[in-house]
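I will look things up one by one and write down what I find.

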Amino acid sequence: MKQNLTPNEINLYYEELQSTLNDSRQSKSKRHELALVLTTMLLAILRSVGKLDVLVIHRQMYREYALVVSCLGLKRRKVVSDTPFRRILSGVDYQTYNELNNAHFGVSITEISGEWKAIDGKELSGNIDGLSGKKWGENVVKMVSDEDKLSQILGFYNGHKESEKTVVSAYFHSKTVLYG
């Protein structure tokens with residue numbers, strides 16, 4: 001793979017992405033420009049080494065973002081965070097995207113698929129001991145699926161943040177097949 005791209009190559013690729021690739025997202029969810037995200041992603045892929053997955057690519061995007069924005073002469077904005085990045089990837093027209101990638105760099109990107117979920121614990125009620133500063137209360141652990149946007153309660157616990165980990169661990173141990 002070609003690891004060093006000139007500013008001109010980056011600019012030409014970005015402009016062609018803007019004019020060719022259709023952004024299927026709803027206008028209210030277009031906080032990050034599709035062409036900028038995909039240009040940064042491709043540069044991150046081209047300049048990465050080892051086994052790649054979405055998390056590795058996203059980390060590398062943070063390293064490459066300043067270079068891409070500088071080459072394109074754009075005002076510095078925030079890099080797309082992990083959750084919106086995964087949503088953007090789910091709506092990409094990979095056939096058109098790969099045609100552009102092949103024409104410019106001889107590279108194809110396979111569609112990143114699979115279901116992913118966000119898990120978090122929230123305190124429902126609790127007290128703070130004024131003397132020791134300790135906090136305790138009833139907590140709920142919820143999981144939200146990106147695919148259907150539905151939340152599911154995994155369990156409750158009464159105690160410290162470490163207790164959340166045991167609820168999540170018990171949930172995943174109950175599953176017969178895990179991917180990723």
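Is Asp 82 buried, partly exposed or exposed? I looked it up, keeping in mind that this is a predicted model. Asp 82 has 26% relative accessibility, so it counts as partly exposed. Buried would require under 20%.

**Entry: salt bridges**

I found three salt bridges in the structure. One joins the side chains of Asp 82 and Arg 86, at 3.0 Å from N to O. Both residues sit in helix H4, four residues apart, which is about one turn of the helix. I checked Arg 86 as well: its relative accessible area is 24%, so it is partly exposed.

Next I looked at Arg 77 and Glu 33. Their side chains meet in a salt bridge at 3.8 Å, N to O. Arg 77 is in the loop between H3 and H4, and Glu 33 is in the loop between H1 and H2, so the pair ties together parts 44 residues apart in sequence. Arg 77 is partly exposed at 36%. Glu 33 is also partly exposed, at 24%.

Then I turned to Glu 64 and Arg 47. Their closest N and O atoms are 3.0 Å apart. Glu 64 is buried, with a relative accessible area of 4%, whereas Arg 47 is partly exposed at 31%.

**Entry: the nonpolar cores**

Which residues touch the most other members of the largest nonpolar core? I noted Leu 17, Leu 38, Met 41, Met 61, Phe 85 and Tyr 97, out of 36 residues. Helices H1, H2, H3, H4 and H5 each give two or more residues to this core. H2 gives the largest share, 11 residues.

Leaving aside neighbours within four places in sequence, Leu 38 is in contact with Tyr 13, Leu 17, Leu 21, Val 92 and Tyr 97. Another core of seven residues lies apart from the largest one. Its members include Met 143, Tyr 157, Val 168 and Tyr 171.

**Entry: the surface**

I looked for a nonpolar patch on the surface. Leu 124, Ile 153 and Phe 156 form one, with about 320 Å² of accessible area together. Ile 153 belongs to strand E3, residues 151-158.

**Entry: Pro 7**

Last, I checked Pro 7, which is found in helix H1. Pro 7 is partly exposed, at 47% relative accessibility.

Definitions and conventions: Residues are numbered from 1 along each chain as its sequence is written. This is a predicted model: local features need pLDDT of at least 70, side-chain atom pairs count only at pLDDT 80 or more; totals for chains, interfaces and linings use all residues. Side-chain values use heavy atoms; hydrogens and water are left out. Patches are made of residues with over 30% relative accessible area and no salt bridge: like charges are joined within 9 Å, nonpolar side chains (Val, Leu, Ile, Met, Phe, Trp, Tyr) within 5 Å. Accessible areas come from the Shrake-Rupley method with a 1.4 Å probe; for residues, only the protein chains shown count as cover. A salt bridge is a side-chain nitrogen of Lys or Arg within 4 Å of a carboxyl oxygen of Asp or Glu. A nonpolar core is a set of buried Ala, Val, Leu, Ile, Met, Phe, Trp, Tyr and Cys residues joined through side-chain atoms within 4.5 Å. Buried means under 20% relative accessible area, exposed over 50%, partly exposed in between (1.4 Å probe, protein chains only). Contact means heavy atoms within 4.5 Å.
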